[in-house]
2 protein chains.
Amino acid sequence: MSSIQEVAKKAGVGVGTVSRVINDSGYVSDKTRKKVEDVIAELNYKPNELARNLFRNKTNIVAVITPAIGNPYYATLYSAVENRLRKYGYKTMLCNTIGEATNEEAYLEMLERNMVDGIITGTHTLDYSIYKKLKGPIVGFDTPKLNDDILVVTVDHEKGGKLAAKALIESGCKEVLQFSDATTKNYPFIKRHRAFAKEIKKAGITAREYKPLMDRFDYEYIEENIEEAFKLYPNVDGIFATDTHALLYMKKALSLGKRIPQDLKIVAYDGTFILDTAYPSLSAIVQPIDELAKAAVDSLHAIIEGERVDRKTKVLDIYFRQGMTTNRKEDLYEQ
Amino acid sequence: MSSIQEVAKKAGVGVGTVSRVINDSGYVSDKTRKKVEDVIAELNYKPNELARNLFRNKTNIVAVITPAIGNPYYATLYSAVENRLRKYGYKTMLCNTIGEATNEEAYLEMLERNMVDGIITGTHTLDYSIYKKLKGPIVGFDTPKLNDDILVVTVDHEKGGKLAAKALIESGCKEVLQFSDATTKNYPFIKRHRAFAKEIKKAGITAREYKPLMDRFDYEYIEENIEEAFKLYPNVDGIFATDTHALLYMKKALSLGKRIPQDLKIVAYDGTFILDTAYPSLSAIVQPIDELAKAAVDSLHAIIEGERVDRKTKVLDIYFRQGMTTNRKEDLYEQ
């Protein structure tokens, strides 16, 4: 491989001039620039990116922190984020935090160490104290507002909870169970659980709640939740849960011979691809994943570029998608 | 944030000595090392990682190239790879190549530019010519053997094809359809399609084949495949397909009122988490994803560390998991 010295020698200029051409910084005449570029092409010279980054103090890398990339919601969101980051020329570094708080801290330190230009975090396992002192370009997905620097992007969870309750109430449910989260922290998504329970109670329907740990995504654990929920609340006729819980609950109910939607109504939350393989198809509250990714990346890029960005939480819209697990107004399915 | 100069001044040593302590290189007396480390701790100094990397010519970053991180197989594999890389102290950079060959090339160039220490690639969209000239630590997941430097990690696809055929033959199928791949390139996984077709024909069963494009993972496309397959081969009573095709085929069959396994038997290939939400549960050929990740990462690390690593393709074992979509010998389900 050619070196910068060879390029400089062949072009008849100094190493500093070659560096200025490569990094597009400082004054270089058009004629000299052309000559240097021609030699670079001729020698097939590839600048050492490490040296370039040191010069610019930029890496064009963004770290994305997710609790579990194997989870359909995070896999889809991550994919959309990576696509959007690429449009701005960023490369994506992934951090799976599942059960490893120390791992998360190591990634956050990368921002201080200039290894990454910014961070998008959708973490669940976070230790608040780490984020409190963190400075720099950071966007949180559905995280609490951890410090003044962090911009949070989320959806209208309250509306989501209300829409789910409406679908189950209109389907004639008498006893409804929601799988929520065993957290005491102030995540935006908690609003959907509160709004859901409030609407269900207001309609005079029995409201049950089961609280799984929020940082467990493995199916074994979710199946344990469902086994226990079936024992605790055997007469439930309506379910509100995230996609995976909803699917595994339906699977269990079908294996017990329950008819859907006659015996059991279900509304899933998130509306990711994992629902699309199920039969019957699930009614769902759908998160606008592409828009979430766009909002997060566009904001982060603006912050990295030094623009003044309003740090007020961005709340995106959410909607209900009719499937076969709740009744339509037209009563397509017999009761 | 403190600078290296402040550390050197406070410790009463030169900047070079501080650098040697940080990078653990060259001679520094125990006493001086202790003093420098104490000052680093006192001032909470974080070395600029860019400068450090330039010094060591190592980034501790590995790029992982996958066709589509949203696909359950790649999401699971990627998650396992990232976990394993972390054990060796590597951070993971993700490259989603779906439909973007230029994007892949940009990542491969990072190896030449010292931005990453190695590459694990499970790409499908690759342009052979790029890989042919590529040097350095590279491990391919189920890729063709593209050059002498690349170590390929794969599974015993031939055995997988045979096991799938056996399950459908023993379930009494008369006309079997497999979804294979429309590729002319020499991917290891092609062996499963050949072995499957051979066994089915040997048993005197009608063998049908549908060839989707191998770089399309979106459900819309897969559903089109299935619609067309239903029209082309309406009398099929056995299916062999990757997880997503298998699930979406089952969904379509259930929506048409077909009974499973009485009217239709199915064997899925890959055996990822996405199968676990389906009812009835699918019989599947299961890939050993954690072992694949381990084999790939351990080999890559050894190559990066300069060890002599045999570049012979590593072929891991694969097995059949009984579900409810093929008959058991004991005939648990009525015919």
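Trainee: A nonpolar core is a set of buried Ala, Val, Leu, Ile, Met, Phe, Trp, Tyr and Cys residues joined through side-chain atoms within 4.5 Å. Which residues of the largest one touch the most other members?

Mentor: A:V81, A:I120, B:V81 and B:I120, in a core of 92 residues. Apart from that core lies another, of 57 residues, among them A:A229, A:L275, B:I222 and B:L254. Buried here means under 20% relative accessible area, with exposed over 50% and partly exposed in between, using a 1.4 Å probe and protein chains only.

Trainee: What kind of model is this, and how do the labels work?

Mentor: It is a predicted model, where local features need pLDDT of at least 70 and side-chain atom pairs count only at pLDDT 80 or more, while totals for chains, interfaces and linings use all residues. Residues are numbered from 1 along each chain as its sequence is written, chains are lettered from A and ligands numbered from 1 in the order in which they are written, and side-chain values use heavy atoms, leaving out hydrogens and water.

Trainee: Back to A:I120. What does it touch?

Mentor: Not counting residues up to four places away in sequence, A:I120 touches A:V62, A:A63, A:V64, A:I65, A:V81, A:V139, A:F141, A:A296, A:V297 and A:L300. Contact means heavy atoms within 4.5 Å.

Trainee: What is the strand order in the sheet of 12 strands?

Mentor: The order is β11(A)-β5(A)-β4(A)-β3(A)-β1(A)-β2(A)-β2(B)-β1(B)-β3(B)-β4(B)-β5(B)-β11(B), an open sheet with mixed pairing. β11 of chain A and β11 (314–316) of chain B stand at the edges with a single partner strand each, so one side of each has no neighbour in the sheet. Strands (E, at least two residues) and helices (H or I, at least four) are DSSP runs numbered from the N terminus, and two strands pair if DSSP finds at least two bridges between them.

Trainee: How many bridges join β3 to β4 in chain A?

Mentor: Three, and β3(A) (residues 118–121) runs parallel to β4(A). A:I119 has A:I138 as its bridge partner in β4(A). Three bridges also join β4(A) (residues 138–141) to β5(A), again parallel, with A:G140 partnered by A:V152.

Trainee: And why is β5(A) called largely enclosed?

Mentor: Because five of the five residues of β5(A) (residues 151–155) are buried. A:L151, A:V153 and A:V155 point one way and A:V152 and A:T154 the other. Three bridges join β5(A) in parallel to β11(A) (residues 314–316), where A:V155 stands opposite A:L316.

Trainee: Helices next. How do α5 and α12 of chain A pack?

Mentor: α5(A) (residues 72–87) and α12(A) (residues 289–304) pack at about 45°, with axes 8 Å apart. That makes α5(A) oblique to α12(A). The contact residues include A:Y73, A:V81 and A:L85 of α5(A), and A:I289, A:A293 and A:V297 of α12(A). Axes are lines fitted to C-alpha atoms, for helices over the stretch in contact, and angles run from 0 to 180 degrees between N-to-C directions. Under 35 degrees counts as roughly parallel, over 145 as roughly antiparallel, 65 to 115 as roughly perpendicular and the rest as oblique.

Trainee: At what angle do α1 and α2 of chain B cross?

Mentor: At roughly 105°, with the axes coming within 8 Å. That makes α1(B) roughly perpendicular to α2(B). B:I4, B:Q5, B:V7 and B:A8 of α1(B) meet B:V15, B:V18, B:S19 and B:I22 of α2(B).

Trainee: Chain B also has a sheet of six strands. What is its order?

Mentor: β7-β6-β8-β9-β10-β12, an open sheet with mixed pairing. The edges are β7 (206–210) and β12 (319–321), each with a single partner strand, so one side of each lacks a neighbour in the sheet. Five bridges join β8(B) (residues 238–242) to β9(B), which run parallel, and B:G238 stands opposite B:K265.

Trainee: B:A268 is in β9(B). Buried or exposed?

Mentor: B:A268 counts as buried because its relative accessibility is 0%. The residues B:A268 touches, not counting those up to four places away in sequence, include B:A241, B:L275 and B:I285.

Trainee: Last one: what about A:H245, buried or exposed?

Mentor: A:H245 counts as buried, at 7% relative accessibility. A:H245 is found in α11(A) (residues 243–255). Leaving aside neighbours within four places in sequence, A:H245 is in contact with A:F179, A:P212, A:I222, A:N225 and A:I226.
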